[in-house]
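Start with the packing inside.

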Amino acid sequence: MERSYASSSSGDMASLSGTGTRSVRIIPLQHPSPEKAAGPPTAPLVERVTARLRGMSGEEWLSALLPCSRWMRSYRWREYLQADLMAGATVGVMLVPQAMSYAKLAGLHPIYGLYTGFVPVFIYSIFGSSRQLAVGPVALVSLLVSNVLGTIVDSSDELYTQLAILLALMVGVLEALMGLLRLGWLLRFISHSVISGFTTASAIVIGLSQIKYFLGYEITRSSKIIPLITSIIQGIHDFSWPPFVMGSSFLTILLIMKHLGKSGKSFRYLRAAGPLTAVVLGTLLVKIFHPSSITVVGEIPQGLPSFSIPHGFEHAKSLISTAVLITGVAILESVGIAKALAAKNGYELDSNQELFGLGVANICGAFFSAYPSTGSFSRSAVNHESGARTGLSGITMGVIMGCALLFLTPLFTDIPQCALAAIVISAVIGLVDYEEAIFLWKVDKKDFLLWVITSVTTLFFGIEIGVLVGVGFSLAFVIHESANPHVAVLGRLPGTTIYRNILQYPEAYTYNGIVVVRIDAPIYFANISYIKDRLREYELNASSAHRGPDVARIYFVILEMSPVTHIDSSAVQALKDLNQEYRARGIQIAIANPNRQVHFLLSKSGLIDLIGKEWYFVRVHDAVQVCLQHVQNVTSKKSGSSSNETIPKRQSGYLQSLLKQDSVPELPPMLEPLLHENIV
């Protein structure tokens, strides 16, 4: 009983048979006409965008301009309200002391940390697309601000604060532009190994920079580990026990509460209450004992931030590189967290809308004395674990911060500096991603090397150089992979018409005189030379076949092109050269299963006619059957095969004569059937 196959064109199956061989059936490949090959006319980009905008409904416009309207329309008051209010209040209590701590890390007065946790939080809740992301000051961005501005002006100078606020405006503009221009895909070229290595090294630098509040003496402000350690060792004679004992105690309390908060749902609020506990205990100890060796925050202005235009634009040019760096780090941190939270909560996240929301939040924050803000991993995790369902939790955080600014700042005067330092250190300990390094070592040594290079460079040469080197190596690996794609020799799995990599499936059959090659990448100018080298190598070093006629050389090279998503003009020209080179040596190229776009380009370039339309196939199996018959015919000639043999001709007249044959001759003894008669 014969098995039938549906044709891609007419639904019929063409049959071939040759002298000394049985008939084979192939699916005809429908070639594009010149009109179809040209493809439909493409409308200009402006027209396409205009048409898309005109087709948007009022509801779609509202969702695009105000993403908060998406959750507002479907808000379930009874189910969501209590959870959002509780989560927002929990994270708000956590944000107040953290904001002051991160402002100190950035070299700013603590009030600017509170300002950064106020206006941007409200704005992001309106324009951001994530419903659980907690926006505000974070350790990594604070370190970048301190590291760059410290080389321009002293942190005690008013210009330092002005430049930090100006940075927020510049970062916001960059983020908003990237969102509007839909450029978020650029960040995909930065490997996760780079981010992990950079974050780990930065966390170590942050921890060492904050240890001065534990030791009781000043150390050098630097983003490099050697100057920090040297400064710590040189000032050891000024060591003071009281701040060390107090800071270490607070750090221990914070780590215990964080651990308990992660251990179960009943203790989850301990994690958020940790920073507040350290601040309250530290303030009480200072008010009761008045220790002279413990430095405190000092006076903090009371009231909400006033509207003001950022200053220091004459220094904007020197801040561009820093703004780009902060933008990249902030986006990677925020979008990565937001995507993970969206997946956990079952809604879709628009990365470009997320960039725009972060940008608007930073732009508005800059007009209310905020320095650059972004999504916080620790606060977002607490927000999610506390049951936040919508952006109302973010609005609640902003209300808590507003209340702190209006009524609680007099209470912050006696907060010990070592308590704020303990909050920062406890937060960044979780950023030391040694588990990722262990995982990469087990899974992918190349990514582990990338992790090590980025972290070591960041530690010893600074943040900017560390990021540049990490991104440079990441791009180099991408380019190397693209320029040296995976190319596999295929063989037929026994009893099937499936062809797979012979290295992965050693039992797969290969056939003398034929080599089947699969190119697992787009073919373009950067990798065509590598692909040609591999094809020559496979031709010269063909593996010892176990099936087919006994021939001494290759007659056919079949290219399986289903994984090839794109081919450019350089690759087309190289394939033409390769075809000419093969013809001179009596080798025929056959193409199997090109996709629509590749097929059109091959047709427009004339490569289809150059190779021959009859040498294009829907399936690899069809190509192998036809080529195998030609190889068998060559071996049956009395003259024998030699290196001067011409390329077999597969002409329509020949096909027609074969189609007229009714009988199926027996195969020679040396040729095993491709499949049993009933399933070919």
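The largest nonpolar core holds 58 residues, and the ones that touch the most other members are Ile 514, Ile 523, Ile 558 and Leu 559. Helix 27, residues 620-636, gives the most to this core, with eight residues. Look at Ile 558 for a view of the packing. Leaving aside residues up to four places away in sequence, Ile 558 touches Ile 514, Val 515, Val 516 and Val 517, along with Ala 590, Ala 592, Ala 623, Val 624 and Cys 627.

Now step back to the whole chain. This is a predicted model. The chain has 28 helices and ten strands. Of its 680 residues, 51% are buried. Among contacts with a separation of 6 or more, 79% join residues 24 or more positions apart.

Among the elements, helix 6 (residues 110-116) has the highest mean pLDDT, 94. Helix 28 (residues 652-659) has the lowest, 39. Two stretches call for care. Over residues 1-21 the pLDDT stays under 50, and the model has 59 contacts beyond four places in sequence for them. Residues 651-680 also have a pLDDT below 50, with 61 contacts in the model beyond near neighbours in sequence.

Turn to the surface. In soluble globular proteins, nonpolar side chains tend to be buried together. Yet a nonpolar patch lies on the surface here, formed by Leu 276, Val 280, Leu 281, Leu 284, Leu 285, Ile 288 and Phe 289. Together these residues have about 610 Å² of accessible area. Leu 276 sits in helix 14, residues 268-289. Its relative accessible area is 35%, so Leu 276 counts as partly exposed.

Finally, check the backbone. Most residues other than glycine have a negative phi. Which residue has a positive phi of about 50° although it is not a glycine? That is His 290. His 290 lies in the loop between helix 14 and helix 15 (316-345). With a relative accessibility of 61%, His 290 is exposed. Asn 593 also has a positive phi, near 55°. Its place is the loop between strand 9 (588-592) and helix 25 (596-605). At 32% relative accessibility, Asn 593 is partly exposed.

Note on methods: Residues numbered from 1 in each chain as written. Predicted model: local features only at pLDDT ≥ 70, side-chain atom pairs only at ≥ 80, totals over all residues. Heavy atoms only, no water. Patch = residues over 30% accessible without salt bridge, like charges linked within 9 Å, V, L, I, M, F, W, Y side chains within 5 Å. Areas by Shrake-Rupley, 256 points an atom, 1.4 Å probe, with all protein chains shown as cover. Salt bridge = Lys/Arg side-chain N within 4 Å of Asp/Glu carboxyl O. Helix = DSSP H or I, 4+ residues; strand = E, 2+ residues; numbered from the N terminus. Buried < 20%, exposed > 50% of the residue type's maximum accessible area, 1.4 Å probe, protein only. Core = buried A, V, L, I, M, F, W, Y, C linked by side-chain atoms within 4.5 Å. Contact = heavy atoms within 4.5 Å. pLDDT = per-residue confidence, 0-100.
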